[in-house]
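Let me put the sequence and the model up on the screen.

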Amino acid sequence: MEDTILVHIESGIATLTINRPQALNAINRSVMKGLNDFFTNHRTDKSLIGVIITGSGEKAFVAGADIKEFDGLSVKEGSAMSKFGHDTYFLIENFHVPVIAAVNGFALGGGCELAMACHMRIAGENAKFGQPEVNLGLVPGYGGTQRLIQYIGKGKALELLLTADMIKADEAHRLGLVNHVVPSGEEINKSKEIIQKIGTKGPLAIAQTIEIVNTYFHDHAGFDKEVAGFGVTIGSEDAKEGAAAFVEKRKAMFKRG
């Protein structure tokens, strides 16, 4: 695994730190592969009692996907990128011990989707959440259209998905997206506290509970539709304009009709 993800395991708790602070920990291919490798290689690791995912630095958990990697992607390539992200986040969601997102700062786009794939979210007071993909002429590609509805309901989810508005930690908590809000810098300590408590329970019961609860929500038709929709949008003129505007730090000028 490259240095884009730092892994530290102590007392049965694995802490994964997304380590691209210069890019606000944006998810690139290396980060996604590192996540996939870890959760694949440890899926039967009985020495673990929990996993914490966080971001390097104080500004961001993960501020989105690396837009530079979107340049020139075809519909087929975009769909493949989305599918690999889905597969990776399903590994996290279906992991046999609790996975907690310790959200320090921005959790946007693919970062918000990563946090939602975890079993719980602990947010620092400065955390902000959002799915800003429509600003780029895209739809979320890593499960955001499906999991956001599960947590906060259809009406509010559609509002956030269609306006690209960000919400602060306290509102995310009120809506049910976040389990706890803590002082900034205390996200990992609170996550460890919860994992250590869960770690005293029966491991088989914990694994079975995670699997059973996930079964309630697993309608893959919606996820499959998102993969297709991400491919369609990423191959569009809207996406080209959105990505160019993002890189050039200007407002996108989308054409209608």
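I'll go through the sheets, then a couple of helices, then the cores.

Quick housekeeping: this is a predicted model, so local features need pLDDT of at least 70, side-chain atom pairs count only at pLDDT 80 or more, and totals for chains, interfaces and linings use all residues. Numbering starts from 1 along each chain as its sequence is written, and side-chain values use heavy atoms, with hydrogens and water left out.

Helices and strands here are DSSP runs numbered from the N terminus, helices being H or I with at least four residues and strands E with at least two. Two strands pair if DSSP finds at least two bridges between them.

So, the six-stranded sheet. It's open and mixed, ordered β1-β2-β3-β5-β7-β10. At the edges sit β1 (5-10) and β10 (180-182), each pairing on one side only. From one strand to the next, the twist averages 20 degrees. Inside it, β2 (residues 13-18) runs parallel to β3 (residues 50-55) over six bridges, with Ile13 standing opposite Gly50 in β3.

There's also an open sheet of four strands, β4-β6-β8-β9, again with mixed pairing. Its edge strands are β4 (60-62) and β9 (167-168). Strands β6 (106-108) and β8 (128-130) are parallel over three bridges, and Ala107 has Phe129 as its bridge partner.

Now helices. Helix α7 (187-198) lies across β2, β3, β5, β7 and β10, at about 150 degrees to β7; axes are lines fitted to C-alpha atoms, for helices over the stretch in contact, and angles run from 0 to 180 degrees between N-to-C directions.

What about α1, which residues of it are buried (under 20% relative accessible area, 1.4 Å probe, protein chains only)? Ser30, Val31, Met32, Gly34, Leu35, Asn36, Phe38 and Phe39. Their cover includes β1, β2, β3, α2, β5 and α3. At the N-terminal end, Asn28 caps α1, with a side-chain oxygen 3.2 Å from the backbone nitrogen of Ser30.

Last, the cores: sets of buried Ala, Val, Leu, Ile, Met, Phe, Trp, Tyr and Cys residues joined through side-chain atoms within 4.5 Å. The largest has 56 residues, and Leu35, Phe39, Val51, Ile53 and Phe129 have the most contacts inside it. A second, separate core of nine residues includes Met120, Ile122, Val182 and Ile194. Back to Phe129: leaving aside neighbours within four places in sequence, its contacts (heavy atoms within 4.5 Å) include Val103, Cys112, Ile167 and Leu177.

Technical notes:
Buried means under 20% relative accessible area, exposed over 50%, partly exposed in between (1.4 Å probe, protein chains only). A polar contact is a pair of N or O atoms within 3.5 Å; within protein, one must be able to donate a hydrogen and the other to accept it, and residues adjacent in sequence count only if both atoms are side-chain atoms.
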